[in-house]
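User: I'm new to reading protein structures. Could you walk me through this one, feature by feature?

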Amino acid sequence: MPTGDPFDILIVGAGPTGLFAAYYAGFRGLSTAIVDSLPEAGGQVTAMYPEKMIYDVGGFPAVRGRDLVQGLVDQAAPWKPTYLLGRKAETVTENGDGFDVVLDGGEIVRARSILISAGIGEFTPRPLPAGDGWLGRGMVHFVPSLQAHAGQHVVVVGGGDSAFDWVLALHPVAASVTLVHRRAKFRAAESIVREARALGVRIITDAEVTRFIDSDGALDAVEIAVKGSEPIVLPAQSVVAALGFTADLGPIESWGLEIDHRAVAVDSTMATARERVYAAGDVASYPGKVKLIATGFGEAATAVNNIAVKLDPDAHLFPGHSSNAE
């Protein structure tokens, strides 16, 4: 059974939008808890590209993913949000004064309102068939630490932006980086393809990694089948399988909301079809939506301000600028 007073807002999703919402809720004097199935704050940024530079956050010509997350955590810290990490919000039921939210471990969290900032939802990397059984033993889908690959021969598999981002990030620290793609054309932006070529990165197209070769139980090389040519064996202590991922909203789809193409439909106040449930960030959908971290920050502030009025009709929608606060 839940104990204690309910939180004013339960934020579902601890990515950049959710973290900024926690700060803004604190600024408005609202208590918050943040639940996320991942074990660390930061959402997709922490899980998928902590070492990548992000170029579209206001005020930063460029900011590393992990540094952005740390800054958001520090920004929210004075308001003491409660973090419920490594746990998933399963069901939502009304309790008269708000909601009882049951987490996957059976814990019940009480909240007067809910703000969903779950990004793309639960994401599952697409598998590399030849790497079956090698995950964590030489194959990874994301690169949490570039230094973990220092001095290694690395093979990156994929042809999208993420694959080339990893190539460019790993090039300065790895002994060698080779990109393998099963097609001749790439899905990545032409600018980063040109950058990789200019660095002299070896790029093998119309090819697939077909076998992992071990030495004393550790990955030592990979075999690559090339269309119209003999197979190639390359040294490799690490393979980055950057083949994209599938995503779904998981339990959120059963919460009585209007779902639009794996996103939650909202109005101009960021309210969903369910009373006192709001959404912001990539998970929110409305006409003309642009999915950027910067957009999520603005949506989080819009949602929190409207929640504040919903919880207290005497509150002002616009609280003034934070720079005017004492």
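User: Which strands does helix H4 lie across?

Analyst: Keep in mind that this is a predicted model. Helix H4, residues 161-170, lies across S12, S13, S14 and strand S18 (238-241). To read its direction, look at the angle: H4 runs at about 170° to S13.

User: In what order do the strands of that sheet come?

Analyst: Go across the sheet from one side to the other. The 5 strands are ordered S11-S18-S12-S13-S14 in an open sheet, with parallel pairing. One of the partners to look up is Ser176 in S13, which bridges to His153.

User: Which residues touch the most other members of the largest nonpolar core?

Analyst: Here's the general idea: in soluble globular proteins, nonpolar side chains tend to be buried together. In this model the largest nonpolar core has 61 residues, and Leu115 and Ile116 touch the most other members. Helix H6 (residues 293-311) gives the largest share, 9 residues. There's also a second, separate core of 27 residues, including Val156 and Leu179.

User: How do I read the crossing of H1 and H6, left-handed or right-handed?

Analyst: Check the axes, then the hand, then the residues. The axes of H1 (residues 16-27) and H6 come within 8 Å and cross at roughly 35°. The crossing is right-handed. Among the H1 residues that meet H6 are Phe20 and Tyr24, while Phe297 and Val304 are among those on the H6 side. By type, the contact has 10 nonpolar residues, 3 polar and no charged.

Definitions and conventions:
Residues numbered from 1 in each chain as written. Predicted model: local features only at pLDDT ≥ 70, side-chain atom pairs only at ≥ 80, totals over all residues. Heavy atoms only, no water. Pairing = 2+ DSSP bridges. Helix = DSSP H or I, 4+ residues; strand = E, 2+ residues; numbered from the N terminus. Contact = heavy atoms within 4.5 Å. Axes fitted to C-alpha atoms, helices over the stretch in contact; angles between N-to-C directions. Core = buried A, V, L, I, M, F, W, Y, C linked by side-chain atoms within 4.5 Å. Buried < 20%, exposed > 50% of the residue type's maximum accessible area, 1.4 Å probe, protein only. Left-handed = near helix turned anticlockwise from the far one by under 90°. Nonpolar A, V, L, I, M, F, W, Y, C, P; charged D, E, K, R; others polar.
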